[in-house]
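Here is a short briefing on one protein structure. It covers core packing, a helix pair and charged side chains.

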Amino acid sequence: MSRSLVALAGLGGAFVVLVGCGPNCQSTCEHVYNTCGIEKPGQDQRELTRDCVYECETALKNSGELGEYNPNQRRSTSESIVLENDAQATAWMDCVWFIAPEGTPEQCEDLDPRSGYCAPI
């Protein structure tokens, strides 16, 4: 095997390990909308999950700071929150998994958009 293939194999192995270490946008959005069953009028779970993954992954492409964003702070349901960067997307994912790690009905209740936690949901 050539050196470049060995290096790529090593990088590929590291990537698999890193991806498997914690939540990502896909798993977090599926947890919110499928495991917890959070609903929004006029949208089915597939649409909600797809839109969630898109917003989260788009935010991850932009480096930045948390700024005023704090997903652990209860927000008014009328506030429009948009994840803008990687720090915010990471904090949002951490909030979701902290609030509802097992996806029980009691835990998921706090992820309901009316609760105001872990916005945007």
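**Core, helices and salt bridges**

Leaving aside neighbours within four places in sequence, V32 is in contact (heavy atoms within 4.5 Å) with G37, I38, W92, V96, L111 and I121. This is a predicted model, in which local features need pLDDT of at least 70, side-chain atom pairs count only at pLDDT 80 or more, and totals for chains, interfaces and linings use all residues. Residues are numbered from 1 along each chain as its sequence is written, and side-chain values use heavy atoms, with hydrogens and water left out.

**The nonpolar core**

- A nonpolar core is a set of buried Ala, Val, Leu, Ile, Met, Phe, Trp, Tyr and Cys residues joined through side-chain atoms within 4.5 Å.
- Buried means under 20% relative accessible area, exposed means over 50%, and partly exposed lies in between (1.4 Å probe, protein chains only).
- The largest nonpolar core has 26 residues, and V32, W92, L111 and I121 touch the most other members.
- Helix 2 (25-35), helix 3 (45-60) and helix 4 (86-99) are the elements that give two or more residues to this core.
- Helix 4 gives the most, with six residues.
- Helices (H or I, at least four residues) are DSSP runs, numbered from the N terminus.
- In soluble globular proteins, nonpolar side chains tend to be buried together.

**Helix 3 against helix 4**

- C52, C56, A59 and L60 in helix 3 meet D86, A89, T90, W92 and M93 in helix 4.
- The axes of helix 3 and helix 4 come within 7 Å and cross at roughly 135°.
- Axes are lines fitted to C-alpha atoms, for helices over the stretch in contact, and angles run from 0 to 180 degrees between N-to-C directions.
- Helix 3 and helix 4 are therefore oblique to each other. Angles under 35 degrees count as roughly parallel, over 145 as roughly antiparallel, 65 to 115 as roughly perpendicular, and the rest as oblique.

**Salt bridges**

- The count is three salt bridges, each needing a side-chain nitrogen of Lys or Arg within 4 Å of a carboxyl oxygen of Asp or Glu.
- D44 and R46 form one, at 3.8 Å from N to O. D44 is partly exposed at 33% relative accessibility, and R46 is exposed at 68%.
- R50 and D51 pair at 3.2 Å, N to O. R50 is exposed at 52%, and D51 is partly exposed at 35%.
- R114 and D112 pair at 2.8 Å, N to O. R114 is exposed at 65%, whereas D112 is buried at 18%.
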